[in-house]
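Hi,

Here's the structure I promised to pass on. Have a look, and my notes follow below.

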Amino acid sequence: MASVLYRLGRFSFRRRGRVLAVWLLMLILLAGAAAVFRGPTSDSFSMPGTEAQRALDSLHEQFPQASGATGTIVLAAPEGPGLNKAAVAAIVQEAARVPGAIAAIDPFKAGSVTPDGRYALVQVQFDTGADEITADQRAAYERVGASAQGLRVEHGGEVLKAGVEIGSTEALGVLVAAVVLLVTFGSLVAAGMTLLNALIGVAAGMAGLFALSGVLELTSTAPILALMLGLAVGIDYSLFITFRYRQYLTEGVPAEEAAGRAIGTAGSAVVFAGATVVIALAGLSVVGIPFLSVMGLAAAGTITLAVLVALTLLPAMLGFAGSRVLPRKQRDGRAAGPAHEGFGYRWGRIVTRLRVPILLVGVVGLGALALPVQDMRLSLPDAGTAASGSPAREAYDLISEGFGPGFNGRLVAVVSGDDAQATGTAAKQAAQLISSTEGVLAVSPPQPNQKGTTLLMTIVPKTGPTDAATEQTVHSIRERLADIDGATVALTGATAVGIDVSAKLADAMPVYLLLVVGLSILLLMLVFRSLLVPIKAALGFLLTVGATFGITVAIFQQGHLADLLGIDVPGPLVSFLPILLIGILFGLAMDYEVFLVSRMREDFVHGDSPQQATVNGLGHNARVVTAAALIMAAVFGGFVFMHDPIIKSIGFALAVGVLVDAFIVRLTLVPATMFLLGRAAWWLPRPVDRILPNLDIEGETLHRNLAAEQRDDARDTIKV
């Protein structure tokens, strides 16, 4: 592989004008396709095969007028005589005139008024789903009751769901990345070129993703995740290759040859690292959860483009930059002189000398950080976790204040049958069973469709939507309704959907973790031709994941230091965060593993002792891995400032995971373990060695071929 990439690097360097033109043309075409074919994003988390999803599908078919988005307008009067019926009726009429609204229900007729008459809920039913509600409809809905005098009016419900937008705070991560690149390279040209290369790659990836959104249903989180990962790995991959290219230049290698060798060696590691991330993300498809599959594939596509850009566009841009990628004192063909042993070598000697206590402290410390995982709870986000002061959050808090937390977690029982009479009888029996279930506050009378074959009942639990007691209430209701004859009774609603999604994801997580760990062992066996190195890498990955989960739970769920991150209401983690984090961190952890250990293997293969190879690997690559980790953490950390709780938690967990894995696991525990293992680290049973193909990630074959060519050239020169 290294030889193929070597030729690709030289070709791209030599034909840099054409390569740049092709990428710019591709970017323009993708941008045009995105503008023409871009479709809306979705905030629905469908889960085929679950009871809640089956009930929603049944509603859509049998009770279409009740399957659209709903809005809840909360009215509150000051202390005194309570709400004025005429004023409330005027608000109801105004709500009914909102474009797309098919009904607005008077709270006095529906009984959705508190006993003291101070609070009321106006339910508004729309004819389309929340994803199809336009910005104009949403704005008109939020204006309802604006002219009401002496009343507090808040607007909530599904209708307010809007896609997540990228703001200026994410640019902070890019700014930090630029500073780290400038410090690392000491050259504005090298830093700017590396950053520009990554931006072109992520722009192409995002344009392609939006172009496909017209035919694929994307969640609003998917493009943000693709941007987050594409930008982070794009910068890192360009950083690794540029760093190696500069090393060759300082050794006196001609520019074109240096570009070829950099792509052949560092580029090989980039291909493997990118492949691990892509495989891990694409592997989310095996979980069988559509929205998670789309998120994984979207991010995988963006990362694939980032790899292609690093292998082709980057050497072309290196050709344009020339020697300006070097600091001024190293330009004009002057070598940098003897290699200076920097902090990486000193740190390597410290770690290897204190290897046993460092391993003990590191493993015990990461294990302690993982302890909060025992209390981890998963749920889909609701309005209670929305940004403080937002309309949805204000409505949520006002409902809790007036009616109690359960009114924010209302459930819907869907009774479906073939015969109207039998369905009605089953609905009455279901209502009695539900109302007598512990944890249920109230059950509404059955509401039939036109044929009477499908009836709806609204259930109000005593506790909030993400409360553990509500989850138990849902399970209890389902157990009691399982034996009803004459009709099918299913429980749905946003709260039930969230519980079903969380349960299915929790069941899938151990299987996916086993898949990822097994994959890491197999891939690293191919790369390093070793048995113990892959096992060590997998164990290090498990330590990273455990500590990252523990820290995230401690802050986002338990509330420790939550104020520093703008989390005013701690709660369960978003359901798909753990499984998504496993896939992403696996790929990123393997990045650093490959870049560090490949150099250790390279020096070992060329005659160094295992111990010296370990120190050399850390000495050569500690600086670039440190820079890469800081850049990646900065990019991810920039998303922590977003108001959306999903993006905030994903950005935080990824930033923490990268820092833990790079600085504690890869730069500390890995060299300590490698030094301790010694020659045994590179042992591989002979039968396995014969079966495994030689991928030549470290470019050993390439170096031999180049050395042979140089000897042949020297002999030809002597003959002449």
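For the charge count, Lys and Arg are taken as positive and Asp and Glu as negative, with His and the chain ends left out. Each charge is placed at NZ of Lys, CZ of Arg, CG of Asp or CD of Glu. On that basis the chain has 51 positive and 56 negative side chains, and the centres of the two sets are 12 Å apart.

Some housekeeping: it's a predicted model, so local features need pLDDT of at least 70 and side-chain atom pairs pLDDT 80 or more, while totals for chains, interfaces and linings use all residues. Numbering runs from 1 along each chain as its sequence is written, and side-chain values use heavy atoms, without hydrogens or water.

Overall, I get 23 helices and 13 strands (DSSP runs numbered from the N terminus: H or I of at least four residues, E of at least two). The C-alpha trace spans about 105 × 50 × 50 Å along its principal axes. Of the 720 residues, 56% are buried, meaning under 20% relative accessible area with a 1.4 Å probe, protein chains only. With contact defined as heavy atoms within 4.5 Å, residues 24 or more positions apart make up 79% of the contacts with a separation of 6 or more.

Two spots to look at:

- Helix H10 (residues 255–282) has 21 of its 28 residues buried, so it is largely enclosed by the rest of the structure.
- Aspartate 500 sits in helix H17 (residues 494–528) and is buried at 10% relative accessibility. Leaving aside residues up to four places away in sequence, aspartate 500 touches Thr50, Glu51, Ala52 and Arg478.

Cheers

Technical notes
Buried < 20%, exposed > 50% of the residue type's maximum accessible area, 1.4 Å probe, protein only.
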